[in-house]
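Thanks for coming. Please have a look at it before I start.

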Amino acid sequence: MKRTIKYVSVCLVTAMALSACSDQFLQDKRNFDDVNTDVYNTMEGANARLNDIYAWSLPQSVSLNWKYPSCGLNDLAGMSTEEYSGFGDGKSASFVSEVVELSSMSSGVSVPDLFKGGNDNIQEMAWGRIRNINDFIAGITGSTLEESEKNIMLGQAYFLRAWCYYNLVKWYGGVPIVTEVLEPVEGSFTPRSSAKACIEFMLSDLELSASLLEGKTWGSDDWGRVTAGTALALKGRILLMWASPLFNRANDQTRWTTAYQEMKADLEKIKACGYGLYKSGSNVNGSDFAAQFTQQGFNPEAVFVSLFNNKAGNSDPDQRTNTWENSIRPRNTQGSGMRASAMLVDMFPMKDGRIPASAANHYYKLAAANPSSFTDDIYNYPFMNRDPRFYHTFGLPGFRWAYNGNASEADENNPSDGANYTLWNYAWYTSTDDAGKAEGTAYYGDNLKDNGNGVYVRKKSDDLDINSASLYNYVATKRVNGGPFHSGAQLIELRYAEVLLNLAEVACGAGDLGAAADYLQQVRDRAGVPAYSNLSDQAVCMSAILYERQVELAYEGKRFDDMRRWMLFDGGTAAALAEVPGGAPSTWKLTGWGGNTCEWLGFLPMNGQRRDNMEFKTKSPNEIGGKNGTAADDPLLRSGWTRPAGVNIKSATFDADLESLRDNVYAVYLERKKKIGDGRDDVTKAEQHIHFRPQYYFLGFPQSVSEKNVGLPQTIGWQDANNGGAYGTFDPLAE
């Protein structure tokens with residue numbers, strides 16, 4: 001990696017004095033990249049350096065890029081799953097477009113660079129952060145600090161290095177393993193290692209981290225730092241990834257049993273660090289599930305977490321706000337709003353925790369073995385008799401979504417009473433012609449105008465009905481730094497529910513179906529859904545776990561990783577592998593799971609499907625209105641209709657309120673309408689379908705990366721800009 005390292009190594013040669021670090025860890029940061037070795041001889045200096053590394057390594061509430069993993073936004077990863085729809089504009093990257101194939105050459109639509117990043121800023125480069133961590137490890141190791149002080153510092157650094165590598169290896173399989181601070185000279189080069197070597201390296205770092213941090217607890221000023229439990233939880237995620245079909249094409253049982261034995265033993269150590277499912281003791285209609293995302297201070301669910309503050313000043317150097325609330329809140333609260341795919345809305349479980357009949361073809365083995373006892377019409381009334389998590393994941397017309405603020409301060413036409421805000425995003429049209437078209441422009445009331453989104457993503461929201469002491473500073477008249485919700489809510493990258501689901505999955509893979517069902521049910525119990533009646537078949541049990549992951553972890557940036565791990569786009573079939581440009585090696589052939597993971601699981605492959613959206617439009621004769629989103633434009637209000645109170649998720653009469661919403665609003669005034677989600681041909685209007693190409697399971701380097709790393713071989717299935725465009729030779733699965 002000589003040419004990449006050359007860009008970043010010069011950032012570390014200037015010595016500087018360091019000011020004291022704030023006691024409030026992760027909420028007071030400066031840039032401490034330019035240091036000399038003396039900085040590591042004091043706890044003050046070493047902590048400042050470590051805090052800076054944390055700041056640039058921790059996940060953020062932003063779209064997937066080379067610095068950060070997806071956090072659940074409608075980014076490249078999210079739009080490759082059931083959570084969102086759309087293939088983009090045809091000019092930018094999409095993993096699931098059937099008409100645009102990503103290329104590693106600059107002449108085409110480029111495969112995203114998730115390997116290197118920017119050239120001129122150490123924080124803008126994945127390998128710059130790894131270099132900083134290696135510098136820190138060397139500096140602390142050679143420092144004059146006490147051995148116990150060194151251990152605590154190093155334990156955190158080894159975790160952060162493994163975390164950075166995990167975010168490379170999951171995309172590329174094998175990457176260079178760099179453990180020293182390389183100098184910017186021609187001889188500084190590290191070859192690309194196999195996936196197996198990278199897995200072993202990450203596991204070694206995490207085991208070392210856990211041993212160095214064993215028994216270490218953090219006070220309130222240091223809450224958010226990694227612990228031994230954090231290291232072991234990430235270790236479990238990596239062991240699961242290594243056992244999964246993407247890396248384990250032959251279904252080697254030793255990987256499953258090893259992962260199960262180690263993760264089962266590690267669970268007790270994780271729990272000993274204070275981690276567990278968040279429970280308040282007063283769970284109402286899934287309120288504990290929602291409240292876990294709005295905790296301050298120690299949160300047992302938050303095994304690996306980024307902390308934020310709610311400072312709203314543009315000039316405040318300490319501002320570090322979570323932008324998620326801005327992203328999901330409707331436009332008439334001054335948010336941006338994100339539209340949920342109708343596919344996931346329809347797939348979500350019923351109140352008995354099972355798949356609705358209308359979506360049973362997605363997990364057909366699981367649905368056949370465990371049919372739902374609810375037969376309500378979820379097409380027209382998707383909110384009836386659903387899993388309690390449904391109401392905390394999606395926002396539909398007629399539901400309260402209270403917040404602490406007043407959006408009319410920014411626009412007098414916005415609803416003013418945030419504490420009683422109800423989402424009334426039903427749609428109407430300005431002509432009967434538009435009303436009959438899936439692509440017709442809809443308009444919405446309460447000043448939403450043409451931005452009503454049909455069904456909103458509500459997951460992880462700081463709902464005033466759930467959290468009466470909101471974590472955000474609402475500044476409606478000052479859309480500074482992205483919006484009015486300057487939130488200090490935690491961003492949980494790895495939570496305890498995932499730890500249990502990871503363990504359930506490896507238990508199932510190892511053949512201990514009883515234990516797998518027990519771990520699975522712990523998560524479902526917190527959600528308030530009953531157990532499955534039949535998980536005696538391994539494929540059905542595994543399918544249930546993957547379905548639970550899809551529901552429990554929705555809009556947290558985890559689904560695309562799961563779909564890649566299990567090759568759920570095409571099942572990993574021989575026919576699919578035949579599409580790999582330049583040919584796929586024998587190591588890529590899936591010989592386990594009957595040669596088709598989708599068929600083995602009983603899962604409908606994503607390839608060939610499409611995701612559309614839904615809205616609820618006003619029925620004739622009240623389907624024609626105006627464009628301005630005022631009461632005079634709203635055909636229902638204009639007709640004299642009075643809106644009822646919004647449904648409160650925490651109401652003691654919740655079920656009766658749902659029935660009233662169905663019978664008195666939806667059944668009388670509203671009807672579901674399809675809205676175009678995934679693309680169509682501009683001329684013929686023919687619908688396009690998902691097509692994830694098999695070479696995307698392991699990404700190649702875009703030309704900009706290859707040209708600055710001339711010694712690194714290109715991944716199989718991708719053209720090599722350093723070799724005249726010939727297809728790559730690096731096999732991530734070769735040992």
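Which residues are linked in a network of salt bridges? They are E301, D387, R389, K459, R495, R524, R526, E548, E552 and E556. By salt bridge I mean a side-chain nitrogen of Lys or Arg within 4 Å of a carboxyl oxygen of Asp or Glu.

Before going on, the terms of use. This is a predicted model, in which local features need pLDDT of at least 70 and side-chain atom pairs count only at pLDDT 80 or more, while totals for chains, interfaces and linings use all residues. Residues are numbered from 1 along each chain as its sequence is written, and side-chain values use heavy atoms, with hydrogens and water left out.

One of its pairs is R389 with E548, whose closest N and O atoms are 2.7 Å apart. Helices here are DSSP runs of H or I with at least four residues, strands are runs of E with at least two, and both are numbered from the N terminus. R389 is buried at 1% relative accessible area, and E548 is buried at 1% as well. Buried means under 20%, exposed over 50%, and partly exposed in between, with a 1.4 Å probe and protein chains only.

The structure holds 48 salt bridges. Among them is E623 with K617, at 2.8 Å from N to O, and both of these residues are buried. Another joins K674 and E687 at 2.7 Å, N to O. K674 is in strand β12 and E687 in the loop between β12 and α21, so that pair ties together parts 13 residues apart in sequence. Here K674 is partly exposed at 34%, and E687 is partly exposed at 33%.

Next, the rings. The whole structure has 54 aromatic pairs; rings of Phe, Tyr and Trp (its six-membered ring) pair if their centres lie within 6.5 Å, with planes under 30 degrees apart counted as stacked, over 60 as edge-to-face and the rest as tilted. F569 and F692 are stacked, 4.1 Å centre to centre with 10° between the planes. F569 lies in the loop between α16 and α17, and F692 in the loop between β12 (670-675) and α21 (703-706), so the pair ties together parts 123 residues apart in sequence. F569 is buried at 0%, and F692 is buried at 1%. F692 also pairs with Y696, edge-to-face because the planes are at 85°, with the centres 5.4 Å apart.

The loop between α16 (559-565) and α17 (574-577) also holds T573. T573 is buried at 18%. Beyond its neighbours within four places in sequence, T573 is in contact with G595 and N596, contact being heavy atoms within 4.5 Å.

Last, helix α5, residues 195-213. Its 19 residues reach 27 Å from first C-alpha to last, close to the 27 Å expected at 1.5 Å a residue; the expected span is 1.5 Å times one less than the number of residues. Which helices do the buried residues of α5 pack against? They pack against α4 (147-172) and α6 (228-243). The buried residues include F201, M202 and D205. Just after α5, G215 takes a positive phi of about 80°.
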